[in-house]
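This report describes the aromatic ring contacts of the structure shown below, together with the charged groups placed over those rings.

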Amino acid sequence: LEITMPHKPTLEVYLGPISQLRMSSPAECSQYFTTRFKGNPAEGFRRTIDQAGLNPQLAQLQQVLVRVRQCFPQQTKAVLTIHDQVNYQQIIAALGSIRELINSQKAFEVTDPIGRKEMSRILFPEVLVKEFERDS
């Protein structure tokens, strides 16, 4: 899972390839990814979030991440790729939004490794930050 913050006012989400990953509710999750993202399981899926303003972008990002977390409950890692023109406060806001739901959002249901359902506010707590690489 990689979330990119380019210098333009968008967020990009890349997930994949997922063909070898174990999904909870495979049919439902596959339908979600094929209808709301561009791509396929073998090459991965991409989605652009282009709401006006960072807060609406992060709110929509969290909706997407909740669904990804429900589909892949054992996954806890994400990569945040940032452009060098993204400011510190934007980076901190994005990190927080990737790790955990904001206070105003309700916990979501996720299935643990032995099949029990539990409520969680944790999305992807292990976030690696890397610099956006320019095309040569």
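The model is predicted: local features need pLDDT of at least 70, side-chain atom pairs count only at pLDDT 80 or more, and totals for chains, interfaces and linings use all residues. Residues are numbered from 1 along each chain as its sequence is written, and side-chain values use heavy atoms, with hydrogens and water left out.

## Aromatic pairs

Rings of Phe, Tyr and Trp (its six-membered ring) are paired if their centres lie within 6.5 Å; planes under 30 degrees apart count as stacked, over 60 as edge-to-face and the rest as tilted.

Phe 33 and Phe 72 form a stacked pair, 6.0 Å centre to centre with 20 degrees between the planes. Phe 33 belongs to helix 1 (residues 26-36) and Phe 72 to the loop between helix 2 (54-71) and strand 5 (77-82), so this pair ties together parts 39 residues apart in sequence. Helices (H or I, at least four residues) and strands (E, at least two) are DSSP runs, numbered from the N terminus.

## Cluster and charges

Ring pairs join Tyr 32, Phe 33, Phe 37, Phe 45 and Phe 72 into a cluster. Arg 47 sits over the face of Phe 37, 5.8 Å from the ring centre, and Arg 67 over the face of Tyr 32, at 5.5 Å. A charge counts as over a ring if NZ of Lys or CZ of Arg is within 6 Å of the ring centre and within 35 degrees of the ring normal.
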